[in-house]
Amino acid sequence: MSGPHDASRPHPVTSRADDLEAIRAVFARRLYVMDTKRWDDYGPCHTVDVVSESWATGGGAPEVRGREQLTAAIRATLDGRVPVTSVHHGHTPLLDLTGPHPETGEPTATGIWAMEDRLWWTDDGRQRWLHGWGHYHERYRRVDGRWLISHRRLERIRVDTGYTDA
């Protein structure tokens, strides 16, 4: 008799609640490792073919494709020539399991997360800040039994910026 962890099965059998909690966990892990600048742990939160559409709002390319390219882009943004301290929060997710991926057959899901971020950096000797609000629109895929982020689009509702008074 085959059990839920039988090695011959392509994916472990999980409950809807287990899948949704695993998606929440990978989202939270991504924010944590990004804010703590644990770059070796950032890429593994994503599929190898991840697409991120979070860059155009900052004047960058419309999208970044690939796990390594996304890790390099976010690292350059937060830990590059001008280091940035960041705090990202994700709230009130709307998650939906959406069925098998059409090409791979892997389970998929979508999510919308209310988000808020705060960033601080030094510009010409003054501390600058950004406070933003919006929504992450994401897609997820379970690969080798792990839920990973496969697509992200950030839609900002409001962004306030300024300088800290010295």
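The charged end of Arg126 sits over the ring of Tyr163, 4.1 Å from the ring centre. A charge counts as over a ring if NZ of Lys or CZ of Arg is within 6 Å of the ring centre and within 35 degrees of the ring normal. The model is predicted, so local features need pLDDT of at least 70 and side-chain atom pairs pLDDT 80 or more, while totals for chains, interfaces and linings use all residues. Residues are numbered from 1 along each chain as its sequence is written, and side-chain values use heavy atoms, leaving out hydrogens and water.

Now turn to the rings. Rings of Phe, Tyr and Trp (its six-membered ring) pair if their centres lie within 6.5 Å; planes under 30 degrees apart are stacked, over 60 edge-to-face, and the rest tilted. The count is three aromatic pairs. Phe27 and Trp113 are stacked, 3.7 Å centre to centre with 5 degrees between the planes. Phe27 lies in helix α1 (residues 16-35) and Trp113 in strand β4 (residues 107-123), so this pair ties together parts 86 residues apart in sequence. Helices (H or I, at least four residues) and strands (E, at least two) are DSSP runs, numbered from the N terminus.

Phe27 also pairs with Tyr136. This pair is edge-to-face, 5.9 Å centre to centre with 70 degrees between the planes. Tyr136 belongs to strand β5 (residues 126-143), 109 residues from Phe27. Phe27 and Tyr136 are both buried, meaning under 20% relative accessible area, with exposed over 50% and partly exposed in between (1.4 Å probe, protein chains only). Trp113 is buried too. Phe27, Trp113 and Tyr136 form one aromatic cluster.
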